[in-house]
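This briefing goes with the sequence and the 3D structure shown below. Please keep both in view while reading the points that follow.

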Amino acid sequence: MSSNSGKRLRDQIDDANLSDEEDEVLFGREPNGAPFFSGLRTFKYDNPSECQICLEDYDEFSTPAWARLGVFFGNNINLVSLDLTWCWFSAEDLRVLMDGLKRSNSLRKLCLAQNGSIGGAEGMATVASYVDGNNQLERLVLTDTGLKEEGLSELVPALNRSSVQHLYLGNIVHFIRDGNSSLGQLNPPQLSLLLLDKSNLAREGCLEVAKVLKNRKQTLKKLYLESCEIDDEGIMMLMEAIDGNDVVVGFSRIQRRCYEAFYHRFNMLSIDTATQ
């Protein structure tokens, strides 16, 4: 990454229209009286060549605060990783944040995990608007976001027009509809890792995953299905789809004992027991 031609992050704050006074209004003061949100202090005054920001478990921000942060992050050319786990966005919070992030040409990893209210159509439409046509995003984490079929149907077409390589969709419990889920249409050109841990797959879900395996036969290398409680029929569907692929499938050790009938087949496929 470049160093922004010597421009300090202090100056980039001004570009984002985030003044010290606005910081104080939006975020309050630190205990020592400094009018800066503590989680951004280092980010503001240092100038690393690549920035990774974690705002995990900050759920007290106002919608205007998220809007300011979105603009700030979007204008920062060094930001490569943003972790927003457990921020509990409202739909409007997420929208204004993503509007700002669309300015970014550097962000490669985005985590929105554990934000349980964004998995419906409105929330995922907002995520989709950021992902659609995005040529720099490599990793997108949406585990435990309450992802539903209506949200998935908004997200999948955008993912298929993105550069996402690693996609984390774990703990999907409501999306399967009689083998006709949007999951089966998932086909990002560079997808190499798909995580569906703790998801409600059953027979219908396995049918959809099998479609993804066939669609991404040339690129998909890792598929994680930890604690998905897949029955024998579902396993057979996956095995048929895996034939001829180099993909490594991850199950827990407990699940492997449950699937004793397929144990030798798993060994032949070099099944991984890791989850990520």
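The model is a predicted one. Its protein chain holds 11 helices and eight strands. Of the 276 residues in the protein chain, 51% are buried.

**The chain as a whole**

- A search of the whole structure for aromatic pairs finds one.

**The aromatic pair**

- A pair of aromatic rings is described by two values, the distance of the centres and the angle of the planes.
- Which residues form the pair? They are Trp66 and Phe89, with 4.9 Å from centre to centre and 65° between the planes.
- The pair counts as edge-to-face because its angle of 65° is over the cut-off of 60 degrees.
- Trp66 sits in helix H4, while Phe89 sits in the loop between strand E2 (79–83) and helix H5 (91–101), so the pair links distant parts of the chain.
- The two residues are 23 apart in sequence, and their C-alpha atoms are 9.1 Å apart in space.
- Is Trp66 buried or exposed? Trp66 has a relative accessibility of 1%, so Trp66 counts as buried.
- Phe89 also counts as buried, because its relative accessibility is 2%.

**Helix H4**

- Helix H4 runs over residues 63–75 and has 13 residues.
- From the first C-alpha to the last, H4 reaches 19 Å, close to the 18 Å expected at 1.5 Å a residue.
- The buried residues in H4 are Ala65, Trp66, Leu69, Gly70, Val71, Phe72, Phe73 and Gly74.
- In an α-helix there are 3.6 residues a turn, so residues three or four places apart point the same way.

- Most residues other than glycine have a negative phi.
- Trp86 is not a glycine, yet its phi is positive, at about 55°.
- Trp86 lies in the loop between E2 and H5, and its relative accessible area of 34% means that Trp86 is partly exposed.
- Trp88 is likewise not a glycine and has a positive phi, of about 50°.
- Trp88 is found in the loop between E2 and H5 too, and is partly exposed, with a relative accessible area of 44%.

**H5 against H6**

- Two packed helices are described by the angle between their axes and the distance between the axes.
- The axes of H5 and helix H6 (residues 121–131) come within 9 Å and cross at roughly 0°. That is why H5 is roughly parallel to H6.
- On the H5 side, the contact involves Ala91, Leu94, Arg95, Met98 and Leu101. On the H6 side, the contact involves Glu122, Gly123, Thr126, Val127 and Tyr130.
- By class, the contact of H5 with H6 has six nonpolar, two polar and two charged residues.
- Which residues does Thr126 touch, leaving out those up to four places away in sequence? Thr126, in helix H6, touches Leu94, Arg95 and Met98.
- Thr126 is buried, because its relative accessible area is 11% and the cut-off for buried is under 20%.

- Helix H8 (residues 202–215) has 14 residues, which should span 20 Å at 1.5 Å a residue. The end C-alpha atoms of H8 are 20 Å apart, so the two values agree.
- Gly205, Cys206, Glu208, Val209, Ala210, Val212 and Leu213 are the buried residues of H8.
- What do the buried residues of H8 pack against? They pack against strand E6 (193–195), strand E7 (222–224) and helix H9 (232–242).
- The axes of H8 and H9 come within 9 Å and cross at roughly 5°. H8 is therefore roughly parallel to H9.
- In this contact, Arg203, Cys206, Leu207, Val209, Ala210, Leu213 and Lys214 of H8 meet Glu233, Gly234, Met237, Leu238, Ala241 and Ile242 of H9.
- The residues of the contact of H8 with H9 divide into nine nonpolar, one polar and three charged.

Definitions and conventions. Residues numbered from 1 in each chain as written. Predicted model: local features only at pLDDT ≥ 70, side-chain atom pairs only at ≥ 80, totals over all residues. Heavy atoms only, no water. Helix = DSSP H or I, 4+ residues; strand = E, 2+ residues; numbered from the N terminus. Expected span 1.5 Å × (residues − 1). Buried < 20%, exposed > 50% of the residue type's maximum accessible area, 1.4 Å probe, protein only. Phe/Tyr/Trp six-rings, centres within 6.5 Å; stacked < 30°, edge-to-face > 60°. Axes fitted to C-alpha atoms, helices over the stretch in contact; angles between N-to-C directions. Parallel < 35°, antiparallel > 145°, perpendicular 65-115°, else oblique. Contact = heavy atoms within 4.5 Å. Nonpolar A, V, L, I, M, F, W, Y, C, P; charged D, E, K, R; others polar.
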